[in-house]
Amino acid sequence: MAKLILTLNSKVLNQYFVDKPCLTIGRGPDNDIVINDPLLSREHARIVTVGKDQIAEDLQSSNGTLLNGSPLTRQILQHSDVIELGSYHLRYMSSGVAADVELERTMLIKVLPRHRAPAENAPVVSVPVARTARARLPEGCIKVLAGSGQHNAGESVRLDRVVVTFGIPGEQLIVIARRPQGFFLTHVEGARLPLLNQQSIGREPQALRDGDLIEAAGYRLEFRLEPPA
């Protein structure tokens, strides 16, 4: 299970396991992670779990949030990322780093003369193994058939980012995640679950197919998968 380590001036204060779909951070007492710093907003940021990923998002806080020194809007977290909130730091520790991170491996080959017995002190050569090429991400878009607010009926929304959200935080929010395997729909917030082709999607990510109809947060959406260029 992934966890967050809270520090102040390099001193570890606490650690929090990412054990729920949405983990809120802020100065207010109702947050999952309460940080009593006047530089923080009452509801400052949050960590949303989508499938196997954790996404850090700034909640339009007054003083902003930094991720590894850069302003944060919304970003998938990588192992050892540091979220800066006022004077405090949260370091993200991923439980799946061993499986997910591409590692440079080497093969140790003893260079020996042919037709001779192996020498005890034979030289060792390190031969780097080539990285596996990254899979190409699919292309797609969402057509807004009905609804208004963040997006309006008739609008087409390109799915050219890692995650795209629809809805209102705190009420009903869905995420469409872009992966090499395709696009996935996940319910993030709200008591009412979204509908996919008139069926409730439940709490687990659902793979999207071309022409799927999504109903959530007052929207009626159509997913379109675009052929590769």
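**View 1. The lining of the largest cavity.** Arg46, Val48, Val50, Ile55, Glu57, Arg74, Val163, Thr165, Leu173, Val175 and Val188 line the largest cavity, where a cavity is a set of points, on a 1 Å grid over the protein atoms alone, at which a 1.4 Å probe fits but cannot get out, and where lining residues have an atom within 4 Å of a point. Two or more of these lining residues come from each of the elements β5 (45-50), β6 (53-58), β16 and β17, and β5 gives the most, with 3 residues; strands such as these are DSSP runs of E with at least two residues, numbered from the N terminus. The model is predicted, so local features need pLDDT of at least 70 and side-chain atom pairs count only at pLDDT 80 or more, while totals for chains, interfaces and linings use all residues. Residues are numbered from 1 along each chain as its sequence is written, and side-chain values use heavy atoms, with hydrogens and water left out.

View 2. The structure holds 1 cavity of 30 Å³ or more, and about 60 Å³ of space lies in the largest cavity, a volume being the space filled by probe spheres set on the grid points, which are joined across faces, edges and corners. Its lining divides into 7 nonpolar, 1 polar and 3 charged residues, where Ala, Val, Leu, Ile, Met, Phe, Trp, Tyr, Cys and Pro count as nonpolar, Asp, Glu, Lys and Arg as charged, and the others, Gly among them, as polar. Because domain 1 (3-93) and domain 2 (140-225) both give residues to the lining, the largest cavity lies between them; the domain bounds come from an automatic or database domain assignment.

View 3. Strand β16 is joined by 6 bridges to β17 (residues 172-179), in which isoleucine 176 is the bridge partner of valine 164. Strands β17 and β18 pair over 7 bridges and form a hairpin with 2 residues between them, with arginine 178 opposite phenylalanine 183 in β18. Between β18 and β21 there are 2 bridges, and here leucine 185 stands opposite glutamine 206 in β21.

View 4. Histidine 187 itself counts as buried because its relative accessibility is 4%, where buried means under 20% relative accessible area, exposed over 50%, and partly exposed in between (1.4 Å probe, protein chains only). The C-alpha atoms of histidine 187 and glycine 202 are separated by 7.6 Å, although these residues are 15 residues apart along the chain.

**View 5. Two asparagines with positive phi.** Most residues other than glycine have a negative phi. Asparagine 9, in the loop between β1 (3-8) and β2 (11-17), has a positive phi near 55°, and at 70% relative accessibility this residue counts as exposed. Asparagine 68, in the loop between β7 (66-67) and β8 (70-71), has a positive phi of about 55°, and at 46% relative accessibility this residue counts as partly exposed.

Technical notes: Two strands pair if DSSP finds at least two bridges between them. Helices (H or I, at least four residues) and strands (E, at least two) are DSSP runs, numbered from the N terminus. On a 1 Å grid over the protein atoms alone, a cavity is a set of points where a 1.4 Å probe fits but cannot get out, and a pocket is an open set with protein on both sides within 12 Å along at least five of seven lines; lining residues have an atom within 4 Å of a point.
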